[in-house]
Amino acid sequence: MTLSLKYHILLGTVFLLASASLHAKPNGEQLYSTHCSACHGANGDGGVGVPLSLPDFQYGVTNDYLTKTIRLGRPGRIMPAFTNLSNKEVKAIVKHIRSWAPGKPFKYSNKKINGNVKHGKEIYAKSCAACHGATGQGGKGTGVTFSRPRDLPVIAPALNNPGFLASAPDLMIKTALMNGREGTPMLSFLKQGLSEKDIDDVVSYVRSFEKNSAVKKIKEKHIPYLSYESPNSMEETIANVKKAAIGKNFRIIREQYLNEGLVKEGKENKKQMMVYFCNFDFLNRALAIDPRVGLFLPCRLTITEENGKVTVSSINPLFMSGFFNNEELDKLCQEMHQVYTDMIEESTF
Amino acid sequence: MKYKNLTKVLISLTLFLFISASQAEQLLMARTNQGFPEAMLKLQETLSEFKYSLSRVQRIDIGLTASGYQTDKYRIVFFGTEKEIAHLSKKYPHLLPYIPWKIAIFAEQQDTLLVSANPMQLSDKKYPDADKYLVKWKKDIEQIFQILRESE
């Protein structure tokens, strides 16, 4: 076979495969199972994410809201932006979500509500801030699943979130305020005594959050790991690591060679050691913020010796924090980053 | 010569597109409707089918409940292969604190959730040779999670 023929066959195969994948009809159920069910539940019952099958939620939001939410996510509030899905795939997921509630959802126009922002702010402070936060930052514990002690089935959404504001039209927010959301702590504010005019004012106040949310935080880039060279021997450095951990109120839970369990007993590389430690109070705080923090666990420093050079290294919590899209967790990772840095410094002094 | 260059471009483009797509999701997650003990067993079996060895399993819930906190079942499963760990730990310092790779597995009511970081997040321009391992791990974890999702 000539080179030219081989090349054309290769090119043709690539185009055929690309074309087939572009024209294949996406399976919404399968896509939902892969991308959404871990957080929202296999049947939309909720968990880390909101219960999508809740009838009041289904009727209260538009397909456009669901589509934009999938596309934009909720920056800093767990829900990631699924920018890698095609339009057809997003549509198929939305269709699957809709299959849980027969009937048609509300349709809202994009008409702007021009209420009194100042008055809306006063009502918001009295009636909304307790759940949605003083500045619309939302309830705490967005990432908490039902596997942990939890008071409410739904954590109050962050109304100041740019993803929410870009997805929800004014009339959708107004309808939620007027009717409430059965099955959640969100009550009908008409029944609570507010007038339609008051509600319009609150909507305008919520919309005013856009001014601040438009300012995008530029996320700092972090290196994946922290590492210091130790002037001491491997044994001395390990002893120093343990001392530093205990000094920071951690309990040493295990020492293990890096390849232990993967090689026959006695064949481990003695120049690569991991020291695991834990502070259960800190761990409990972290799990209350995001149950997926297991990926940080247990805390560990790795001590290696290569050509006589001893090094202590750890993950960089600030780097890993970026995986979770959870602002609350970011704060804890700052704390953990400081702890790791101090410990590595202390043990390599 | 012309074809060789074009083939190179084509392959590079395909790899670039694959790596870009691979990096999109930062966490890999799955839900299985199996209860925790069954899911844990299935995970261990599946890792073994994919030729990974278990380095160890860390029980998170035991320490928490012993300290007076409420929690459901929660474990961290560390896994890898002897060859990969030996090679990567020597050649790629940025990977050292992350290996053996791990999967967090925990109960949520009747279901079980699995979470792993997307290995492609550790892709580093300074160490392009490491990408083939990261791509393989990502693909394997996705397949393992799919098997768990489909297990009843």
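Visitor: Over how many bridges do β2(A) and β3(A) pair?

Guide: Welcome! This is a predicted model, where local features need pLDDT of at least 70, side-chain atom pairs count only at pLDDT 80 or more, and totals for chains, interfaces and linings use all residues. Residues are numbered from 1 along each chain as its sequence is written, while chains are lettered from A and ligands numbered from 1 in the order in which they are written. Strands are DSSP runs of E with at least two residues, helices are runs of H or I with at least four, and both are numbered from the N terminus; two strands pair if DSSP finds at least two bridges between them. A:R251 stands opposite A:C278 in β3(A), and the antiparallel pairing of β2(A) with β3(A) runs over six bridges.

Visitor: Which strands stand at the edges of the chain A sheet?

Guide: The open sheet has five strands with antiparallel pairing, in the order β1-β5-β4-β3-β2 (chain A). An edge strand has a single partner, so one side of it is left without a neighbour in the sheet, and this holds for β1 and β2 (251-257) of chain A.

Visitor: At about what angle does helix α13 of chain A run to β4(A)?

Guide: Angles here run from 0 to 180 degrees between N-to-C directions, with axes fitted to C-alpha atoms, for helices over the stretch in contact. Residues are in contact if their C-beta atoms, placed from the backbone, lie within 7 Å. Helix α13 (residues 234-247) lies across β1, β2, β3, β4 and β5 of chain A. Its angle to β4(A) is about 165°.

Visitor: How far apart are the centres of domain 1 and domain 2 of chain A?

Guide: Chain A holds 16 helices and five strands. The domain bounds, which come from an automatic or database domain assignment, are 25-213 for domain 1 and 225-347 for domain 2. Taken over C-alpha atoms, their centres are separated by 38 Å.

Visitor: Is A:T184 buried or exposed?

Guide: A:T184 sits in the loop between α10 (170-179) and α11 (196-207) of chain A. Its C-alpha atom is 6.3 Å from that of A:V154, although 30 residues separate the two along the chain. A residue is buried if 20 or more other C-beta atoms, placed from the backbone, lie within 10 Å of its own, exposed if 12 or fewer, and partly exposed in between. Because A:T184 has 20 C-beta neighbours inside 10 Å, it counts as buried.

Visitor: Now chain B, please: what pattern does it follow along the sequence?

Guide: Chain B has five helices and five strands. Of its 152 residues, 38% count as buried. Read along the sequence, the pattern is α-β-α-β-α-β-α-β-β-α.

Visitor: Which are the edge strands of the chain B sheet?

Guide: Its five strands form an open sheet, paired antiparallel in the order β1-β5-β4-β3-β2 (chain B). The strands that pair on one side only are β1 (27-32) and β2 (53-59) of chain B.

Visitor: What angle does the direction of helix α5 of chain B make with that of β1(B)?

Guide: Begin with helix α2 (residues 36-49) of chain B, which lies across β1, β2, β3 (74-80), β4 (101-108) and β5 and runs at about 160° to β4(B). Helix α5 (residues 131-150) of chain B also packs on the sheet, touching β1, β4 and β5. Its direction makes an angle with that of β1(B) of about 15°.

Visitor: Which element gives the largest share of the side of chain A that touches chain B?

Guide: Across the two chains, 45 residues of chain A are in contact with 51 residues of chain B. Several elements of chain A supply at least two residues each, including α3 (37-40), β3 (272-278) and α14 (280-289). The largest share, five residues, comes from α1(A).
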